[in-house]
Amino acid sequence: MSADLPLTPEDVAEIVAILDGGAYDRLEVRTTRFTLRVAREGGGWTQEWEWSASEAPAAIAEAAPRVEVGDGLIAVRPPLPGTFYRAPQPGAPPFVEAGDTVGPDSVVAIIETMKLMNPVHAGAAGTIEAILVDNAAPVDGDALLMTIRP
Amino acid sequence: MIRRLFIANRGEIALRVIHTARRLGMITIIGATEADRDSLPALRADEALPVASYLSIDAMIDAARGARADAIHPGYGFLSENAAFASAGADAGLIFVGPDPATLATMGDKLEARRIAVEAGLPVVPGREGGYPLLIKAVAGGGGRGMKRVDREEDLDAAMAMASAEAEAAFGDGRLYIERFIASGRHVEVQVLGDGSSAVHLGDRDCSIQRRFQKLVEEAPAPGIPEDKREALRSAAVRLAEHLNYRGAGTVEFLVDAETFDFYFLEMNARIQVEHPVTEAVTGIDLVEQQLLIADGQPLALHQEMIALEGHAIEARINAEDWRCDFRPSPGVVHRAAWPAGPDIRVDSHIAAGCVVPPLYDSLIGKIIVSGADRAEAVARLGDALDALVIEGVETTAGLHRRIVRDPRFVAGGVDTRYFEGFADA
């Protein structure tokens with residue numbers, strides 16, 4: 001956290017206006033807190049910022065446990081990383097429970113990614129063997145959500 | 001006098017609010033979730049406090065009180081139009097930078113909003129009589145969340161379940177309503193400011209370029225609208241704002257017939273909008289500053305005749321999405337972010353090299369706003385700005401915008417909301 005605003009957008013525009021009339025193609029301002037690189041790019045200019053404290057970001061979401069799928073079972077994985085929901089809305093009954101019979105197009109869960117609801121399809125006909133992720137848990141794109149016994 | 005401003009939001013709008021608040025001499029405090037702990041808004045605010053969720057009223061109010069804030073700016077999305085949030089703020093002695101709770105409740109209930117608009121003499125879109133296609137909308141909606149087009153009766157139940165889930169996730173309210181889907185219309189909206197007794201407009205914006213009701217490109221003013229219709233549109237918006245005794249910045253959205261330019265009230269967004277910078281570019285007025293002044297209880301210093309619109313401005317939303325792959329979200333770490341720079345180019349973004357685009361939130365990573373003396377100049381400048389843009393690490397919609405900006409239909413101006421149909425495959 002820091003109170004100083006190093007350079008405003010107006011400052012950057014002014015820097016570009018000055019450089020644009022001259023022979024330089026590149027200007028780099030480096031301080032302990034940030035680096036600003038202004039460069040000629042094709043017919044225009046770009047600004048690139050780097051913030052010392054914004055490096056090394058943490059992992060985005062904790063991965064759901066990976067379980068081997070054996071025993072002739074079929075894996076159900078999410079179409080995208082996101083949040084796993086078992087029901088269309090809070091309080092509604094889940095799409096499926098273990099033991100339910102599903103077809104390839106059956107919706108068995110929802111993955112919410114960037115505020116969009118993406119249906120998870122069973123992908124195969126069979127019986128839901130196990131549901132391996134808790135409701136509302138963050139999942140990776142390759143997480144094992146459920147298994148289906150064909 | 002607001003001295004300590006709490007920002008209950010994230011991303012580019014949080015940075016945008018920090019920028020103006022700091023210029024006005026306020027101390028900025030942000031509530032940031034764990035995923036946003038190292039985000040630029042959290043680093044750049046004067047103070048940052050952890051919050052569990054941007055949708056949690058209790059968490060936000062507790063954090064704002066803990067920070068001894070005297071006002072809350074809610075940004076857009078999340079709790080920005082939540083009447084319970086505004087009320088909880090007032091109960092805690094905090095100024096809510098936005099309309100009063102009663103207005104939020106009225107405009108947040110889209111059916112009630114329609115009724116009020118009719119009362120104020122505005123034309124509205126017909127309901128479900130007239131058959132398919134229909135448009136499902138969230139009663140608590142906004143920003144296109146929970147909106148689905150339905151062409152056949154057999155698809156209605158499934159579409160409603162999905163729309164309801166999206167609405168529940170986005171607004172905490174899964175209720176829906178249905179309107180007739182109007183195919184050939186333009187989405188034109190009017191920016192208003194009100195101080196509780198009088199209201200002014202800051203011109204119109206065209207947001208017809210949308211995909212699944214998510215805006216991609218916005219511009220001000222709306223191109224090719226006959227002056228008498230434009231004037232009627234703008235005065236209708238002011239009439240609604242005054243009818244509501246509206247306090248704050250708001251946007252009145254209309255569907256405009258692309259042929260006759262007849263218009264219908266769609267909804268009023270009682271908050272700052274994503275696309276507000278195009279209005280700022282053509283008016284020279286800082287809308288966040290106006291919001292803060294109004295929230296502070298000051299009467300509007302702007303009169304209609306003082307507001308002059310000059311030139312043309314266009315905004316392109318850069319989202320972390322793979323537009324070639326059905327706009328699949330593309331969260332991840334940005335390794336390089338070279339945004340365009342220069343005179344008449346504005347970039348509102350919270351993404352620099354090393355920043356994370358988490359999968360938890362929406363995919364907007366930045367907005368490029370260009371202006372020019374006229375539309376042709378702005379279009380050319382947008383083309384150059386997009387060519388200069390380099391984002392590495394996540395997929396973005398930049399390539400799509402490069403195609404739009406060179407598309408003859410866009411260059412000509414005045415496209416309707418069907419513009420995007422089939423575009424990505426073309």
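In β2(A), A:E28 has A:R37 as its bridge partner. The coordinates are a predicted model, in which local features need pLDDT of at least 70, side-chain atom pairs count only at pLDDT 80 or more, and totals for chains, interfaces and linings use all residues. Residues are numbered from 1 along each chain as its sequence is written, while chains are lettered from A and ligands numbered from 1 in the order in which they are written.

Strand β1 (residues 26-30) and strand β2 (residues 34-41) of chain A run antiparallel and are joined by five bridges. Strands count as paired if DSSP finds at least two bridges between them. Helices (H or I, at least four residues) and strands (E, at least two) are DSSP runs, numbered from the N terminus. Three residues make the hairpin link from β1(A) to β2(A). β2(A) also runs antiparallel to β3(A), with eight bridges between them. There, A:L36 has A:W49 as its bridge partner in β3(A). β2(A) and β3(A) form a hairpin with two residues between them. In that turn, A:G42 has a positive phi of about 60 degrees.

## Confidence and domains

The model scores ipTM 0.81 and pTM 0.82. Chain B averages a pLDDT of 93, and 98% of its residues score at least 70. pLDDT is the predictor's confidence in each residue, from 0 to 100. Where pLDDT is low, the predicted coordinates should not be read in detail.

Domain bounds come from an automatic or database domain assignment. Chain A is divided into domain 1 (9-54) and domain 2 (74-149). Their centres, taken over C-alpha atoms, are separated by 47 Å. For chain B the assignment gives domain 1 (4-97), domain 2 (126-180) and domain 3 (185-412).

## Domain 1 against domain 3 in chain B

The centres of domain 1 and domain 3 of chain B, taken over C-alpha atoms, are separated by 23 Å. Their contact takes 21 residues from domain 1 and 22 residues from domain 3. Two residues are in contact if their C-beta atoms, placed from the backbone, lie within 7 Å.

On the domain 1 side, the elements giving two or more residues are α1 (11-23) and α2 of chain B. α1(B) gives the most, with seven residues. By class, this side has 12 nonpolar, five polar and four charged residues. Ala, Val, Leu, Ile, Met, Phe, Trp, Tyr, Cys and Pro count as nonpolar, Asp, Glu, Lys and Arg as charged, and the others, Gly among them, as polar.

## Sheet and helices of chain B

Eight strands of chain B form an open sheet in the order β13-β12-β9-β10-β11-β14-β21-β19, with antiparallel pairing. The edge strands are β13 (263-269) and β19 (345-349) of chain B, each pairing on one side only. From one strand to the next, the twist averages 25 degrees. Within the sheet, four bridges join β10 (residues 199-211) to β11 (residues 214-220) of chain B, which run antiparallel. B:Q210 has B:K215 as its bridge partner in β11(B). Helix α10 (residues 287-295) of chain B lies across β9 (185-195) and β12 (247-257) of chain B, at about 130 degrees to β12(B). Axes are lines fitted to C-alpha atoms, for helices over the stretch in contact, and angles run from 0 to 180 degrees between N-to-C directions.

Helices α4 (residues 83-91) and α5 (residues 101-108) of chain B pack at about 175 degrees, with their axes 8 Å apart. α4(B) and α5(B) are therefore roughly antiparallel to each other. Angles under 35 degrees count as roughly parallel, over 145 as roughly antiparallel, 65 to 115 as roughly perpendicular and the rest as oblique. B:A83, B:A86 and B:S87 in α4(B) meet B:P101, B:L104, B:A105 and B:G108 in α5(B). This contact has five nonpolar, two polar and no charged residues.

## Where the chains meet

Across the interface, 45 residues of chain B are in contact with 38 residues of chain A. On the chain B side, α2 (40-44), β3 (47-50), α7 (156-171), β16 (328-329), β18 (336-341) and α11 (375-388) each supply at least two residues. α7(B) provides the largest share of that side, eight residues. The residues of the chain B side divide into 28 nonpolar, five polar and 12 charged.

Strand pairing also crosses between the chains. Strand β3 (residues 44-51) of chain A runs antiparallel to β18(B), joined by four bridges. A:T46 stands opposite B:P340 in β18(B).
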